[in-house]
Amino acid sequence: MRDLFEDIFRNAPLDPTQAARRAVRPQLRRRFYQRADVEDADGEFRVVLDGRPVKTPARRSLAAPKRALAQALAAEWEAQRDVIDPAKMPLTRLANIIDGVIDAPSAVAAEVERYLACDLVFYRAPAPAGLVTRQAKAWDPVLAWVREILGADFVLAQGIAFVAQPAQSLVAAGSAIPTDPWRLGAVHAVTTLTGSALIAIALARGALSVDAGWAAAHVDEDWNMEFWGRDQLALEHRAARFAEMQAAATVLEAVN
């Protein structure tokens, strides 16, 4: 079943928009099992298909440390109908990524730390006034929480020119990056989806809801869409990415 898992997920497009842009029609595997379920074995909760464990590409069992999370994984498999569509299984894809986090947690944490040095919420538009106000409304509460709870005070900038941040603030915020592989993988996913490690850390700590974090990450995009109109392909891409964000939020809520 390991080869089957690799065949389904390793070369699958990340989302429907990416597939369209590559002009690829993915060859989806037909559903080959009757039932997806969860079993408790060796201190973890494994996803099983017709009683058989699923193996990830790293030869580990597709499993979670909490039953609720494993049940959410199994629900994705159970929801597949005639074919298995990875685009509709964001939590399983995230579990596949976390497989790699287990082998190299320091490298993953270091990548999140790199985002801290140039976080989205530091760089503010000089104009127009409406956008400046929206950025402040969405991003200032994140920075206030980071300052109060983590003791990290960051420097803001106008435009996109790089601004060096205080070393002690980077260390303080970096210390809040989770070490548990599942939470670390989820924080890394949110960081790359939003462009903000601080939004990811605030979400992980329960200071920000998934909807608020997603909205904060798309202040500029929403502003531009109001003026220039909505592009259907872009909206589909955004919906697929939000599903990834929700999957990461599910992990953060389940594993604490």
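The side chain of Q165 reaches the backbone nitrogen of V155 at 2.7 Å, a polar contact (a pair of N or O atoms within 3.5 Å; within protein, one must be able to donate a hydrogen and the other to accept it, and residues adjacent in sequence count only if both atoms are side-chain atoms). This is a predicted model, in which local features need pLDDT of at least 70 and side-chain atom pairs count only at pLDDT 80 or more, while totals for chains, interfaces and linings use all residues. Residues are numbered from 1 along each chain as its sequence is written, and side-chain values use heavy atoms, with hydrogens and water left out.

Let us stay with Q165 for a moment. You will find Q165 in the loop between strand 8 (157–158) and helix 7 (167–174); helices (H or I, at least four residues) and strands (E, at least two) are DSSP runs, numbered from the N terminus. Q165 counts as buried because its relative accessibility is 11%, where buried means under 20% relative accessible area, exposed over 50% and partly exposed in between (1.4 Å probe, protein chains only). Leaving aside residues up to four places away in sequence, Q165 touches A117, F122, F154, V155 and L170, contact meaning heavy atoms within 4.5 Å.

Now turn to helix 9. All 8 of the 8 residues of helix 9 (residues 197–204) are buried, so this helix is largely enclosed by the rest of the structure. Its cover includes helix 5 (105–116), helix 6, helix 7, helix 8 (181–194), helix 10 (210–217) and helix 12 (232–254). At the N-terminal end, S196 caps helix 9, with a side-chain oxygen 3.4 Å from the backbone nitrogen of L198. Just after helix 9, G206 takes a positive phi of about 80°.

Helix 6 also meets helix 11: G130, L131, R134, Q135, A138 and W139 in helix 6 touch V219, D220, W223 and E226 in helix 11. The residues of this contact divide into 5 nonpolar, 2 polar and 3 charged.

Finally, look for the salt bridges (a side-chain nitrogen of Lys or Arg within 4 Å of a carboxyl oxygen of Asp or Glu). The whole structure holds 12 of them. In one, the side chains of D99 and R60 meet at 3.4 Å, N to O. D99 lies in helix 4 (residues 90–103) and R60 in the loop between strand 4 (52–53) and strand 5 (63–64), so the pair ties together parts that are 39 residues apart in sequence. D99 is buried, at 6%, whereas R60 is partly exposed, at 28% relative accessibility. Elsewhere, D42, E44 and R46 are linked in a network of salt bridges.

Note on methods
Nonpolar A, V, L, I, M, F, W, Y, C, P; charged D, E, K, R; others polar.
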